[in-house]
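Good morning, and thank you for coming. I would like to take you through one structure, beginning with a loop and ending with the aromatic side chains.

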Amino acid sequence: SAKFWVCQRTLSKPTLFPRCVCFSTDDAGSLVLVGHSQLVSLWRSDDLQSPGDNAELTQYMDDGELKSVCMLSDARTVVAHSDKYLFVWDLIHHVLTWCAELTVSCIVPLPNRGKAAGFALLAANRILEFTAESNAPYFVSPPKLTTADACRLLVLQDQQHGNQPRYAIMDTAGEVDVYTPPQGKFCLCTSGWCCCAPFAC
């Protein structure tokens, strides 16, 4: 028998156009997060109604539109980016935890590995890994992983190597490359440069 997708409900916010959307990462996927221009609005996923007070996460650094939004594995950290900035919010306290001026292509949450919730992003054809607590990346890949402009990033868990993340990058030329970060990686970042073992500094 044929199966069909059914639109159960729609949502709208006056004067704000939705640009990106994701579900919360709790087991029930209880929230829908919608990125607009300078804010992320929150909605209950079962009825698409506002969850009550503090149903918006806002930022005032950039008047550009949010390009993507995601929630991390801890089900409390929300990450989004515009053309020029990266934003990290604490959903429990409804505060902007930190932001960074960074041109980001895309963001993906990292699988839960028993550590602090983290995410990876593509910026200037490099992969950077962050935790929710710090605006300093704890891993930065070598530059120019792809020769074309990278536009998509997928993260996979390598169960044979302690759930070490592996990355698949799709570029604008339509090619897909897979990268595995080195074991025992560490990265020291200061203003203007990063030194990442085992890469040359």
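I begin with Leu 48, which is located in the loop that connects strand S3 (39–44) with strand S4 (56–58). Please keep in mind throughout that this is a predicted model. The phi angle of Leu 48 is near 55°, a positive value in a residue that is not glycine. As a general point, most residues other than glycine have a negative phi. Is Leu 48 buried or exposed? Its relative accessibility is 15%, and because buried means under 20%, Leu 48 counts as buried.

Ala 75 has a relative accessible area of 27% and is partly exposed.

Let me step back to the chain as a whole. It contains 17 strands and 0 helices. Of its 201 residues, 41% count as buried. The accessible surface comes to about 11600 Å², and carbon and sulfur atoms account for 52% of that. For contacts between residues at least 6 apart in sequence, 35% join residues at least 24 apart.

An open sheet is formed by 4 strands in the order S5-S6-S7-S8, with antiparallel pairing. Strands S5 and S8 (95–101) stand at the edges with a single partner strand each, so one side of each has no neighbour in the sheet. On average, neighbouring strands of this sheet are turned by 15° against each other, direction ignored. Within the sheet, S6 and strand S7 (residues 85–90) run antiparallel and are joined by 5 bridges. His 81, for instance, has Leu 86 in S7 as its bridge partner.

In one of them, the ring centres of Trp 98 and Phe 119 are 6.4 Å apart and the planes meet at 25°, so the pair is stacked. This pair links distant parts of the chain, with Trp 98 in strand S8 and Phe 119 in strand S10 (residues 118–123), 21 residues apart. Phe 119 also forms a stacked pair with Phe 130, at 5.4 Å centre to centre and 10° between the planes. Phe 130 belongs to strand S11 (residues 126–131), 11 residues from Phe 119. Phe 119 is buried at 0% relative accessibility, and Phe 130 is buried at 2%. Separately, Tyr 85, Phe 87 and Trp 89 form one aromatic cluster.

Terms used
Residues are numbered from 1 along each chain as its sequence is written. This is a predicted model: local features need pLDDT of at least 70, side-chain atom pairs count only at pLDDT 80 or more; totals for chains, interfaces and linings use all residues. Side-chain values use heavy atoms; hydrogens and water are left out. Helices (H or I, at least four residues) and strands (E, at least two) are DSSP runs, numbered from the N terminus. Buried means under 20% relative accessible area, exposed over 50%, partly exposed in between (1.4 Å probe, protein chains only). Contact means heavy atoms within 4.5 Å. Accessible areas come from the Shrake-Rupley method with a 1.4 Å probe; for residues, only the protein chains shown count as cover. Two strands pair if DSSP finds at least two bridges between them. Axes are lines fitted to C-alpha atoms, for helices over the stretch in contact, and angles run from 0 to 180 degrees between N-to-C directions. Rings of Phe, Tyr and Trp (its six-membered ring) pair if their centres lie within 6.5 Å; planes under 30 degrees apart count as stacked, over 60 as edge-to-face and the rest as tilted.
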